[in-house]
Amino acid sequence: MSDQAASVSTSTSDEILLDVVDLEVKYGEARALSGVSFSVGRGRVLAVLGANGAGKSSLAAAIAGVVKPSGGRISFAGKEIAGWPSHRVSQAGVAYVPEGRGIFPHLSVLDNLRTMLRHAVGPNERAAALERAMATFPILGERRRQAAGTLSGGEQQMLALARVLAAPPRLLIADEMSLGLAPLMVDVVFDGLRQAREQGVTVVLIEQFVERALELADEAVVMRRGELVWTGPAAGAHEQVLAGYLGAESMS
Ligand code: ATP
C-alpha cells in the first residue's frame with residue numbers, strides 16, 4: 001500500500017503545508033507508527049480514520065511535538081519540525097487539541113485561554129484575542145473566573161474551539177474532540193471546526209464520527225496497526241470501502 005499512501009494531496013509542493021514522510025513512532029520496543037507518509041495542502045481538511053489502537057493519537061502527538069518520532073520527517077510550512085518540542089511547534093502555528101481535552105482543570109477559563117493563546121498572538125494582541133474568544137461562546141465569558149475543570153465536557157471543548165477561532169492557527173490537529181459529548185455539543189464541535197476551515201485553517205481531523213468527519217474533510221487516510229492502509233479523497237471514502245478497514249460498528 002505504500003505507493004498509494006505516498007501522497008494524499010493533489011496539491012503542488014508550494015501549496016503543501018504539512019508533509020509527513022516515513023514517520024515512525026515507538027514506545028520502548030513497541031512500534032506505534034511505521035512508514036506513515038502523507039501530505040496536506042494549505043486550507044485542506046484531512047480526516048485520519050482507524051480503529052482503536054491504530055495509531056491516530058500517536059500520529060497527532062508526533063506532529064504536535066508531544067511524542068518524539070524515532071524515524072522519518074515532518075515538514076511544516078517548509079520547516080523540518082520532527083523532534084521539535086511542543087512549544088516550538090505551537091509557536092510555528094500549530095494548535096493541538098489532544099484526546100481527552102487539553103485543558104488545565106484547576107486554572108480559570110480565562111487563564112486557560114491565556115495559556116492557549118500564549119504562543120498564538122503577540123503580547124499587544126492578547127487582550128483583544130481573549131475578548132474575541134469569550135465572545136465566540138458567551139458562556140465562557142460568563143464563567144471566566146470559574147475553574148475549567150468544573151465546566152461540562154462540551155464547554156471544555158468550546159474553550160479549545162474559542163482559542164482556534166479567536167486566533168486561527170495555520171494548522172489545527174483535533175484529536176477526537178467530540179468524544180463523550182452530548183449530540184448537541186457534537187454539533188457545536190463540528191460547527192466550530194467548519195468555521196475554522198472557512199477561516200482558512202488547515203485541519204488534521206481525528207474523529208469517531210466517520211460520516212461527519214468525511215463530510216467536512218477533503219481527503220482521508222485510514223490507519224491500521226500503525227500504517228496507512230487507504231488514502232484518497234474524502235468523497236470517495238464510501239461506507240463499503242471503509243467498513244472493511246474500520247469494522248461496520250465504527251461507521252456512525
Ligand atoms: P484510540 O482511538 O484508542 O486512541 P489510536 O488510533 O489513537 O487509538 P494510539 O493511541 O496512537 O492509537 O495507539 C497506538 C498504539 O500505541 C497502541 O497499540 C497503543 O496501545 C500504543 N500506545 C499509545 N500510547 C502509548 C504509550 N504512551 N506507551 C505505550 N504504548 C502506547
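Biologist: Which strand is joined to β4, and by how many bridges?
Modeller: Strand β4, residues 71-76, is joined to β5 by two bridges, and the two run antiparallel; strands here are DSSP runs of E with at least two residues, helices are runs of H or I with at least four, and both are numbered from the N terminus. Two strands count as paired if DSSP finds at least two bridges between them. This is a predicted model, in which local features need pLDDT of at least 70 and side-chain atom pairs count only at pLDDT 80 or more, while totals for chains, interfaces and linings use all residues. Residues are numbered from 1 along each chain as its sequence is written, and side-chain values use heavy atoms, with hydrogens and water left out.

Biologist: What is the bridge partner of phenylalanine 76 in β5?
Modeller: Phenylalanine 76 has lysine 79 as its bridge partner there.

Biologist: And in what order do the four strands of the open sheet come?
Modeller: The order is β2-β1-β4-β5, with antiparallel pairing. The edges are β2 (30-41) and β5 (79-80), each of which pairs on one side only.

Biologist: Switching topic, how many salt bridges are found in the whole structure?
Modeller: The search finds seven, where a salt bridge is a side-chain nitrogen of Lys or Arg within 4 Å of a carboxyl oxygen of Asp or Glu. One of them is between arginine 44 and glutamate 219, at 2.6 Å from N to O. That pair links distant parts of the chain, 175 residues apart, with arginine 44 in the loop between β2 and β3 (45-50) and glutamate 219 in strand β9, residues 219-224.

Biologist: Is glutamate 219 buried or exposed?
Modeller: Glutamate 219 counts as buried because its relative accessible area is 5%, and buried means under 20%, exposed over 50% and partly exposed in between, using a 1.4 Å probe and protein chains only.

Biologist: What about aspartate 187, which residue does it meet in a salt bridge?
Modeller: Aspartate 187 meets arginine 212, at 2.9 Å from N to O. Here helix α8 (residues 183-198) holds aspartate 187 and helix α9 (residues 210-216) holds arginine 212, 25 residues apart.

Biologist: Last one: where is glutamine 157, and why is it called buried?
Modeller: Glutamine 157 lies in helix α7, residues 153-166, and it is called buried because its relative accessible area is 2%. Leaving aside neighbours within four places in sequence, glutamine 157 is in contact (heavy atoms within 4.5 Å) with Val97, Arg101, Glu176, Met177, Leu181 and Val189.
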